[in-house]
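Trainee: I have a new model open and want to read it residue by residue. Can we go through it together?

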Amino acid sequence: MSYDFTPLFRTAIGFDRLAQVMDSAARSPGNSSFPPYDIAKTGSDSYTLTMAIAGFGPEDIELVVQDNTLVVSGRVNAPQDEGEILHRGIARRAFERRFALADHVEVTGAEMNNGLLRITVQQIIPEALKPRRIPVKTVSTTPEERAVTTEQKNQVSQQPQQSIATAA
């Protein structure tokens, strides 16, 4: 099943990023459940992505952030001689997981501990986009100053406006 969001985006301005995210989500093939992961909000603007990647070492994992997408991939090393495997319950296959990042979200770190990969992500809003308070100043004028200002406004509005005639 496919959805056409074109009518919605014809009337929306500045939502290009949202359109890209929705389009990529619609096109992505059915996601496998490997490796399992959790996403936790650890603060007002910080998150932790935890992936269970037993059997992988730090040298087997690659993290890449490109075009507001975090790509976590793992590659399989040469198999170790473990003898005859009677049951394989630990998945040791290559994987790639993609996570869409919102604007101004940055990956700030990654660490592995006990088969868990923890990736810390933080939303960093630039100063130019943060709300700022504009102070309102008071201007104290005397009645005489107000009269002069009103007089000047009246003189300007009474002057005939000059028009510039152009020859055709």
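Trainee: Is Glu59 buried or exposed?

Mentor: First, the ground rules. This is a predicted model, where local features need pLDDT of at least 70, side-chain atom pairs count only at pLDDT 80 or more, and totals for chains, interfaces and linings use all residues. Residues are numbered from 1 along each chain as its sequence is written, and side-chain values use heavy atoms, with hydrogens and water left out. Buried means under 20% relative accessible area, exposed over 50%, and partly exposed in between, with a 1.4 Å probe and protein chains only. Glu59 has a relative accessible area of 51%, so Glu59 is exposed.

Trainee: Which residues does Glu59 touch, not counting residues up to four places away in sequence?

Mentor: Glu59 lies in the loop between strand S2 (46-52) and strand S3 (61-66). Strands are DSSP runs of E, at least two residues, and helices are runs of H or I, at least four, numbered from the N terminus. Contact means heavy atoms within 4.5 Å. By that rule, Glu59 touches Arg75 and Asn77.

Trainee: What is the relative accessible area of Ser73?

Mentor: Ser73 is in strand S4 (residues 69-74). Its contacts, leaving aside neighbours within four places in sequence, are Asp60, Ile61, Glu62, Phe95 and Glu96. Ser73 is buried, and its relative accessible area is 13%.

Trainee: In S5, which residue is the bridge partner of Leu70?

Mentor: Two strands pair if DSSP finds at least two bridges between them. S4 and S5 pair in the antiparallel sense over six bridges. Strand S5 (residues 95-100) has a covered face of Phe95, Arg97 and Phe99. In S5, the partner of Leu70 is Phe99.

Trainee: How many residues apart in sequence are the parts that the pair of Phe34 and Phe95 ties together?

Mentor: Rings of Phe, Tyr and Trp (its six-membered ring) pair if their centres lie within 6.5 Å; planes under 30 degrees apart count as stacked, over 60 as edge-to-face and the rest as tilted. Phe34 and Phe95 are edge-to-face, 5.9 Å centre to centre with 85 degrees between the planes. Phe34 lies in the loop between helix H2 (16-27) and strand S1 (37-41) and Phe95 in strand S5, so the parts tied together are 61 residues apart.

Trainee: Which residue lies over the face of Phe34?

Mentor: Phe34 is buried. A charge sits over a ring if NZ of Lys or CZ of Arg is within 6 Å of the ring centre and within 35 degrees of the ring normal. At 4.3 Å from the ring centre of Phe34, that residue is Arg93.
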